[in-house]
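This report takes the interface, then the sheets, then a hairpin and a salt bridge. The sequence and structure come first.

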There are 2 protein chains.
Amino acid sequence: MTQKDEMDFFEKERGILIVISGPSCAGKGTVCRIVRDDQPDIRMSISETTRGPRNYEKDGVDYFFVDKASFEQGIQEGKYLEYAQVYGNYYGTPKEFVENLLNSGYDVILEIDIQGAAKVRQNNKEGIYIFIAPPSMKELRRRIEMRGTESEEQMAIRLQCAHDEMSNADDYSYIVINQDKDVAAKQVEAIITAEKCRTERLKNKVVEILGR
Amino acid sequence: MTQKDEMDFFEKERGILIVISGPSCAGKGTVCRIVRDDQPDIRMSISETTRGPRNYEKDGVDYFFVDKASFEQGIQEGKYLEYAQVYGNYYGTPKEFVENLLNSGYDVILEIDIQGAAKVRQNNKEGIYIFIAPPSMKELRRRIEMRGTESEEQMAIRLQCAHDEMSNADDYSYIVINQDKDVAAKQVEAIITAEKCRTERLKNKVVEILGR
């Protein structure tokens with residue numbers, strides 16, 4: 001039985017917001033893509049950005065590409081669940097896009113950095129917060145080196161930053177240690193399945209069961 | 001990577017107590033057997049009983065068969081996590097058997113009735129409590145009828161009892177609606193996997209990661 005069938009069986013209900021974060025190079029992007037490909041009923045949030053598209057990127061798939069003026073107007077109007085400026089470009093999560101998916105019954109994954117996740121958490125206590133951690137700092141260093149874009153100095157900054165970010169793990173409900181990406185993705189999927197079984201989410205269903 | 005490998009990767013730790021309960025005929029026994037067969041590192045608790053073995057039952061596999069005097073002495077000595085008397089026979093969960101498995105790193109499933117689960121919960125707050133519910137009372141009635149051992153009167157008592165027991169679902173952390181036994185077993189397995197990822201269980205591992 002698919003998740004959709006199960007939802008049809010009971011009254012249709014709002015999806016779950018799943019916030020996935022962690023230090024960069026811990027592998028959150030890879031893990032999220034595996035989960036998305038495994039679970040056709042899960043949607044990934046799509047960010048708006050003012051940076052130009054790379055040649056392989058599609059508007060409405062990888063990002064919504066917008067200009068700076070409209071992004072700044074969006075900030076004024078409270079359009080974003082969270083946003084940040086990185087190297088002069090804005091990136092933000094459009095609230096309405098996410099809300100529409102949730103209201104249509106889809107679970108939505110937000111793959112986001114530590115700062116963005118902290119902002120989202122302030123207004124969305126009912127979300128699931130999952131921290132993706134590397135198995136060791138040595139392995140994290142190896143993964144940063146594999147990207148091959150960092151000088152020794154940049155590497156030191158990145159590692160210190162990752163070290164500091166690890167202390168944020170306590171703010172999350174779950175920690176997934178990404179030693180193997182497929183195991184990590186299965187753990188994320190298990191967390192989503194388990195959260196759907198939490199008593200506070202199913203109280204109405206118990207009432208429905210008693211009435212049938 | 002199996003659960004055991006993953007445990008070896010980090011320091012060995014105590015297993016998790018998983019208490020599975022629900023109204024009778026909701027299918028908790030069937031669901032537990034599927035989970036046990038899927039997950040070789042999970043152990044089922046074995047109860048002691050004073051009733052005689054049926055011809056297909058093996059001592060130490062289905063039950064530990066003991067005499068009434070030794071069971072009653074066990075009660076005096078606080079030997080049981082919970083016990084009950086049913087149709088003149090005692091049934092109880094031996095504390096030491098369960099503790100030894102947990103201390104050896106095995107997760108242990110206790111498949112137990114609502115009253116037993118309530119007793120276990122009093123002294124084991126850190127366990128995972130999962131309530132197995134039927135998809136509807138109509139379906140529960142069908143399952144009781146399929147067993148074929150009930151008179152109309154017994155049926156009415158059983159259904160009323162199940163109806164009352166459904167109100168205990170609130171005391172559990174998770175509810176698994178057993179419409180399809182394989183889906184239900186997968187949900188139980190997901191809950192166990194997710195609980196292993198809970199931040200409070202992994203705090204020491206984050207410290208370990210930072211040190212490697």
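How many salt bridges does the rule find across the interface of chain B and chain A? The rule finds 0 there. A salt bridge here is a side-chain nitrogen of Lys or Arg within 4 Å of a carboxyl oxygen of Asp or Glu.

## Basis

This is a predicted model: local features need pLDDT of at least 70, side-chain atom pairs count only at pLDDT 80 or more, and totals for chains, interfaces and linings use all residues. Residues are numbered from 1 along each chain as its sequence is written, chains are lettered from A and ligands numbered from 1 in the order in which they are written, and side-chain values use heavy atoms, with hydrogens and water left out.

## The interface

Chain B and chain A bury about 3500 Å² between them. Carbon and sulfur atoms carry 68% of that area. Buried area is the accessible area (1.4 Å probe) that two parts lose on being put together, summed over both. The contact (heavy atoms within 4.5 Å) takes 39 residues from chain A and 39 residues from chain B.

The rule finds 16 residue pairs in polar contact across the interface, both residues at pLDDT 80 or more. A polar contact is a pair of N or O atoms within 3.5 Å; within protein, one must be able to donate a hydrogen and the other to accept it, and residues adjacent in sequence count only if both atoms are side-chain atoms. On the side of chain B that touches chain A, helix 1 (3–9), helix 6 (137–147), helix 7 (152–166), strand 9 (174–177), helix 8 (181–196) and helix 9 (199–211) of chain B each supply at least two residues. Helices (H or I, at least four residues) and strands (E, at least two) are DSSP runs, numbered from the N terminus. Helix 9 of chain B gives the largest share of that side, 8 residues.

## The sheet of chain B

In chain B, 5 strands form an open sheet with parallel pairing, in the order 2-7-1-8-9. Two strands pair if DSSP finds at least two bridges between them. Strand 2 (42–44) and strand 9 of chain B are the edges, each pairing on one side only. The twist averages 25° from one strand to the next. Helix 9 (residues 199–210) of chain A packs on this sheet. That helix touches strand 8 (128–133) and strand 9 of chain B, at about 45° to strand 9 of chain B. Axes are lines fitted to C-alpha atoms, for helices over the stretch in contact, and angles run from 0 to 180 degrees between N-to-C directions.

Strand 2 and strand 7 (residues 107–111) of chain B run parallel, joined by 3 bridges. Met44(B) stands opposite Ile109(B). Helix 8 of chain B lies across strands including strand 1 (17–21) of chain B, and runs at about 160° to strand 9 of chain B.

## The sheet of chain A

Chain A has 5 strands in an open sheet, with parallel pairing and the order 2-7-1-8-9. In chain A, 4 bridges join strand 1 (residues 17–21) to strand 8 (residues 128–133). Val19(A) has Tyr129(A) as bridge partner.

Strand 5 (residues 80–86) and strand 6 (residues 89–94) of chain B run antiparallel, joined by 6 bridges. Gln85(B) has Tyr90(B) as bridge partner. Their hairpin has 2 residues between the strands, and Tyr87(B) takes a positive phi near 50°.

Over all chains, the whole structure has 30 salt bridges. One joins Lys196(B) to Asp107(B), with the closest N and O atoms 2.7 Å apart. Lys196(B) lies in helix 8 of chain B and Asp107(B) in strand 7 of chain B, so the pair ties together parts 89 residues apart in sequence.
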